[in-house]
Amino acid sequence: MTAAVPNDTAVTTTAEQRRSYLQFDMLIIPLVVLLFMGIFSFHFALLVGDWDYWIDWRDRRWWPLVTPLAITVLPAVFGYLLWDKLRLPLGGTLTIFCLSLAAWISRYLNFHLLANFPMDMVFPSSYVGLGLLLDCMLLLTRSWFFTGLIGAFLVGLLIYPMNWPILAQYHVPVEMDGILMTVADVFGFEYVRTSIPEYLRIIEQSTLRTFGEAVTPLTAVFAGFINIINYWFWIWIGSLGVKAIWIRKIV
Amino acid sequence: MRFSAVLALIFLVLSVLIPSLAEAHGERAQQPALRMRTVEWFDVSVSTKQLQVNDILVVKGSFVPSNYWPEHVHSIEGASYLNIGVPGPTFVRLDSRINGTPGIRSTAFHKGELYNFEITLKARKPGKYHIHPLINVESAGPVIGPGIWVEVTGSEAQFTNTAKTLLGQTVDMEHYNFGHTVAWSALWMLIAAAWIVYWLFSRRPLIVPRFKRVSELGQDADAILTPTDRRLGLLFLIITLSVTMGGYLYANDRWPITTPLQTGKVHTPPAVQAPMPLEVTMGEARYRIPGRSFRIELTVSNKSDRPLSIGEFSAGNLRFINSKVLDIKPTDEDDLVAPDALRVEGSPIPAGETRKLVIYADDAMWETQRMTTMIASPDAVIAGMLFFYDDQGKRYYAEIGGPMIPVFG
């Protein structure tokens with residue numbers, strides 16, 4: 001015998017209620033995953049785009065600076081929603097996981113099968129660990145302030161070392177026509193991109209040239225500091241979104 | 001209404017099921033002013049029109065950046081790059097040279113100077129391709145040259161492309177350590193998936209009960225988090241930092257010698273041009289729209305010791321041939337050569353004389369190649385290249401340009 005549910009609804013038993021809640025999960029979770037895949041893909045294409053599409057664009061100055069700033073936006077906004085309404089430390093991991101999934105599908109279908117680029121030239125970088133950093137930090141500190149101060153800083157700081165295991169092999173030097181290049185540069189030259197000439201790449205263009213050869217650590221620390229502010233800002237945007245009446249009505 | 005909807009649906013389905021073959025690169029879509037007044041291409045040729053996967057194709061030719069480059073278009077003298085217009089990497093580019101200088105990096109080309117180029121390609125994917133040389137100009141876009149059809153047969157699976165590093169390793173460019181890349185990416189995805197599964201699927205049902213509970217707890221909502229949750233958070237944080245650092249050290253150990261991505265801009269010296277023993281000034285130029293006829297008045301001074309005749313007028317990759325001087329036929333159905341479309345009044349020009357000539361370039365190509373929209377140009381200036389031949393077949397060229405007046409009736 002099941003207990004009656006004291007509500008004036010079509011659900012009359014706790015078993016039915018549980019079943020309806022499960023059905024709600026089964027409906028909402030896939031939809032949210034698809035939504036994150038779509039939104040994040042567009043967002044990332046607009047803000048990072050070629051920096052992540054091509055192996056010869058992921059330089060040590062701009063790519064590790066632009067990418068964390070762009071990749072922190074949705075984890076912060078949706079992270080606030082998931083934490084505030086459900087106490088789920090999932091905003092970072094889930095959104096970036098969805099981005100990575102969509103990126104791999106898109107690179108394979110669009111860049112490889114349709115446009116004929118070899119996958120080893122267009123594979124997406126690994127970002128999902130950055131989401132884990134944000135989520136774990138939020139869970140452990142339960143503070144937006146410290147998650148930004150430590151977690152968002154680590155996102156900027158670690159994006160390059162996190163990807164170095166797959167990028168290092170592309171930075172092995174090659175000589176071509178008497179010019180020093182890397183394997184990644186050879187990809188960029190040999191695999192023809194009609195509308196992406198060499199001059200469009202933004203490589204090594206910045207003023208961070210102090211501290212000798214320590215270009216990447218300096219960029220990483222700089223990206224980390226900038227990303228703290230960036231994270232706090234988007235958390236604030238997320239908090240405004242959650243307060244919005246239309247969101248409350250939906251939730 | 002319903003009939004229209006059905007028609008629209010049928011059209012949609014058909015347009016998806018029967019896609020038309022995209023055979024060109026939109027060269028006709030470019031403004032005529034852009035085509036006529038940016039780069040004068042000539043002598044573009046390919047080493048072969050039939051080849052197998054892995055065979056070499058050499059695209060050669062010459063170009064002169066126009067002296068009449070539009071003021072409203074960014075100059076080629078800034079940053080530019082000799083490229084090849086093929087549908088994606090259906091070929092790989094093994095070498096590119098402009099006047100002998102490697103064209104790997106960006107450069108600058110100077111107006112009025114001659115550049116001879118040679119691009120070496122290797123066929124990668126079977127198909128029929130319209131290959132164009134092109135020059136990307138920073139902030140202006142691609143300036144496309146004449147196209148030539150090439151057919152590649154064979155199997156894509158047989159394609160090979162290798163590079164040798166300075167450390168002596170031979171790199172397979174098609175599958176370079178891709179298993180390693182996938183494994184590393186999969187490792188991160190698995191770690192993340194474990195985190196997601198724990199939070200989404202270890203408590204079922206999740207969303208509604210959790211939302212209610214968090215709402216009930218209000219300021220004390222953190223109480224919903226269990227000690228296991230926190231221990232797991234710490235564990236995943238340690239795993240994330242350990243994998244990051246471990247991977248970084250592993251990569252440094254496996255690839256100890258690396259260099260940053262390389263870039264830069266190279267200087268490409270112009271070719272030494274033989275002195276042209278002629279001077280050409282363009283007078284009145286009128287384009288008669290209904291007749292698709294261009295009438296251009298010229299003053300030509302022949303400073304050579306032989307008579308000169310105009311054999312060809314080339315503008316925006318359209319070639320108008322004077323059949324009395326040259327016998328040139330289109331090499332394929334899309335070769336923009338009009339073999340008998342140039343009429344010259346007043347030619348040949350005797351040695352040492354200055355003469356006024358009138359040329360008529362009459363052909364439907366003006367229309368079919370959408371050059372008639374030149375009347376919409378913001379400055380109504382045209383340019384083109386004239387090719388002169390002496391009685392021994394020696395060729396000279398001169399660029400002409402100036403204002404154009406349309407004739408509507």
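**Exercise 1. Pairing in the sheet of chain B**

Which residue in β21(B) does Met385(B) stand opposite? Determine also the order of the strands in the open sheet that contains β21.

*Solution.* The model is predicted, so local features need pLDDT of at least 70 and side-chain atom pairs count only at pLDDT 80 or more, while totals for chains, interfaces and linings use all residues. Residues are numbered from 1 along each chain as its sequence is written, chains are lettered from A and ligands numbered from 1 in the order in which they are written, and side-chain values use heavy atoms, with hydrogens and water left out.

Step 1. Helices (H or I, at least four residues) and strands (E, at least two) are taken as DSSP runs, numbered from the N terminus. Two strands pair if DSSP finds at least two bridges between them.

Step 2. Strand β20 of chain B spans residues 381-390 and is joined to β21(B) by nine bridges, the two running antiparallel. Across this pair, Met385(B) faces Glu399(B).

Step 3. The open sheet has five strands in the order β17-β16-β15-β20-β21 of chain B, with mixed pairing. Its edge strands are β17 (337-338) and β21 (395-403), each of which pairs on one side only.

Step 4. As background, strands of a sheet pair through backbone hydrogen bonds, either parallel or antiparallel.

**Exercise 2. The helices of chain A**

Describe the secondary structure of chain A and locate Ser239(A) and Leu113(A) within it.

*Solution.*

Step 1. Chain A has 11 helices and two strands. Along the sequence, the pattern reads α-α-α-α-α-α-α-α-β-β-α-α-α. The C-alpha atoms fill a box of roughly 85 × 40 × 30 Å along the principal axes.

Step 2. Of the 251 residues of chain A, 60% are buried; buried means under 20% relative accessible area, exposed over 50%, and partly exposed in between (1.4 Å probe, protein chains only).

Step 3. An unreviewed UniProt entry annotates several spans of chain A as "transmembrane region", including 27-49 and 218-242. UniProt positions are given in the numbering used here, feature names are shortened, and annotations may be inferred rather than shown by experiment. In the model, residues 27-49 are 91% helix and 0% strand, with end C-alpha atoms 31 Å apart. For residues 218-242 the span is 100% helix and 0% strand, and the end C-alpha atoms lie 36 Å apart.

Step 4. Ser239(A) belongs to helix α10 (residues 215-243) and is buried at 8% relative accessible area. A polar atom of the Ser239(A) side chain lies 2.6 Å from the backbone oxygen of Trp236(A).

Step 5. Leu113(A) belongs to helix α5 (residues 91-114) and is partly exposed, at 48% relative accessibility. Together with Leu101(A), Ile105(A), Tyr108(A) and Leu109(A), Leu113(A) forms a nonpolar surface patch with about 450 Å² of accessible area. Patches consist of residues with over 30% relative accessible area and no salt bridge, like charges being joined within 9 Å and nonpolar side chains (Val, Leu, Ile, Met, Phe, Trp, Tyr) within 5 Å. Accessible areas come from the Shrake-Rupley method with a 1.4 Å probe, and for residues only the protein chains shown count as cover.

**Exercise 3. Salt bridges**

Which parts of chain B are linked by the pair Asp379(B) and Arg37(B)?

*Solution.*

Step 1. A salt bridge is a side-chain nitrogen of Lys or Arg within 4 Å of a carboxyl oxygen of Asp or Glu. The structure holds 28 of them over all chains.

Step 2. In the salt bridge between Asp379(B) and Arg37(B), the closest N and O atoms are 2.8 Å apart. The pair links the loop between α6 (365-368) and β20, which holds Asp379(B), to the loop between α2 (32-36) and β1 (39-46), which holds Arg37(B); the two residues are 342 residues apart. Asp379(B) is partly exposed at 31%, whereas Arg37(B) is buried at 4%.

Step 3. A second salt bridge joins Arg306(B) and Asp391(B) at 2.7 Å, N to O. Arg306(B) lies in the loop between β14 and β15 (308-315) and Asp391(B) in the loop between β20 and β21, so the pair ties together parts 85 residues apart in sequence.

How values were computed:
A polar contact is a pair of N or O atoms within 3.5 Å; within protein, one must be able to donate a hydrogen and the other to accept it, and residues adjacent in sequence count only if both atoms are side-chain atoms.
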